[in-house]
Amino acid sequence: MKKFLSILLTALLVLSLAACSSNNNPGGSDTPNNGENESTVNSTLDLLNTVWASYGDDEKFPSAGGDMTEANMSMEGPGKFGVEDASVLDSTLGFPEDSVAKIDDAASLVHMMNANTFTCGAYHVVNADDIDAVSAEVKDNIMNRQWICGFPEKLVIVNVDGYIVAFFGTADLVDGFNAKLAAAYTSAKTVCDEPIA
């Protein structure tokens with residue numbers, strides 16, 4: 001029964017996230033890693049788990065992560081997010097469909113009550129030369145969304161050793177996560193820290 005309720009709650013969360021964001025045409029494909037990105041980070045999930053673990057119990061907010069699959073969903077923090085369905089990545093996390101072929105790994109952390117309160121996606125970029133372009137594409141895609149269930153206040157995009165971490169929501173949660181990310185990864189480079197108009 002507990003497992004069923006977890007699956008049901010996760011399904012409802014993903015459906016509500018999809019309803020609160022715009023949809024674009026599906027596209028994209030998987031691309032093998034050419035070994036061009038060297039990183040101290042093992043995976044997108046490892047990256048988000050490291051940051052989330054640095055939160056004290058009194059600092060954590062109700063969160064969920066991952067996609068709707070039983071293997072990936074998490075009701076207690078970050079979870080792995082499949083890159084096979086470009087439209088779901090776009091509608092749920094704001095990652096542009098046309099850029100999905102440039103990543104091979106993703107993970108998410110979302111505020112359980114409202115995605116516009118806090119949504120974070122971490123992505124591994126296959127080719128190091130693409131990281132600036134993909135960061136700009138993510139920024140444009142999120143900034144140009146049609147928000148239905150209220151507006152998030154700000155967007156931050158950080159590059160960490162071949163990974164992109166994009167998160168938006170209320171200023172206090174976004175700034176708090178950004179501080180934890182910077183403390184966990186000294187190589188973190190902020191490429192966007194802007195209000196969402």
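This is a predicted model: local features need pLDDT of at least 70, side-chain atom pairs count only at pLDDT 80 or more; totals for chains, interfaces and linings use all residues.
Reader: Thanks! So is α3 mostly covered or mostly open?
Author: Mostly covered, as six of its eight residues are buried. Those are Ala-86, Leu-89, Asp-90, Ser-91, Thr-92 and Leu-93. Helices here are DSSP runs of H or I with at least four residues, strands are E runs of at least two, and both are numbered from the N terminus.

Reader: What comes just after α3?
Author: Gly-94, which takes a positive phi of about 85°.

Reader: Okay, zooming out. How many helices and strands are there in the protein chain?
Author: Five helices and seven strands. From the N terminus on, they run α-α-β-β-α-β-β-α-β-β-α-β. Of the 197 residues in the protein chain, 49% are buried.

Reader: And what is the average pLDDT?
Author: The protein chain averages 83, and 80% of the residues score at least 70. pLDDT is the predictor's confidence in each residue, from 0 to 100. Over residues 1-38 the pLDDT is below 50, though this stretch has 66 contacts in the model beyond near neighbours in sequence. A contact means heavy atoms within 4.5 Å.

Reader: Let's look at α4. How many residues does it have?
Author: Helix α4 covers residues 131-143, so to speak its 13 residues, and reaches 18 Å from first C-alpha to last, close to the 18 Å expected at 1.5 Å a residue. The expected span is 1.5 Å times one less than the number of residues.

Reader: Which residues of α4 are buried?
Author: Ile-131, Val-134, Ser-135, Val-138, Asn-141 and Ile-142. They lie on the same side of α4, because they cover an arc of only 130° around the axis. That arc is taken from the directions from the helix axis to the C-beta atoms.

Reader: What covers them?
Author: The cover includes α3 (86-93), β4 (118-125), β5 (154-160), β6 (163-169) and β7 (189-195).

Reader: Good, β4 next. Is Thr-119 buried or exposed?
Author: Thr-119, found in strand β4, is buried, with a relative accessible area of 0%. A polar atom of the Thr-119 side chain lies 2.7 Å from the backbone oxygen of Ala-115.

Reader: What else is Thr-119 in contact with?
Author: Leaving aside neighbours within four places in sequence, Thr-119 is in contact with Thr-92, Leu-93, Leu-109, Val-110, Ala-166, Phe-167 and Phe-168. Two of the names there, Thr-92 and Leu-93, are also among the buried residues of α3.

Reader: Nice link! And where does Gly-169 lie?
Author: In strand β6, and Gly-169 is buried at 0% relative accessibility. Not counting residues up to four places away in sequence, Gly-169 touches Asn-116, Thr-117, Phe-118, Pro-152, Glu-153, Lys-154 and Val-174.

Key:
Residues are numbered from 1 along each chain as its sequence is written. Side-chain values use heavy atoms; hydrogens and water are left out. Buried means under 20% relative accessible area, exposed over 50%, partly exposed in between (1.4 Å probe, protein chains only). A polar contact is a pair of N or O atoms within 3.5 Å; within protein, one must be able to donate a hydrogen and the other to accept it, and residues adjacent in sequence count only if both atoms are side-chain atoms.
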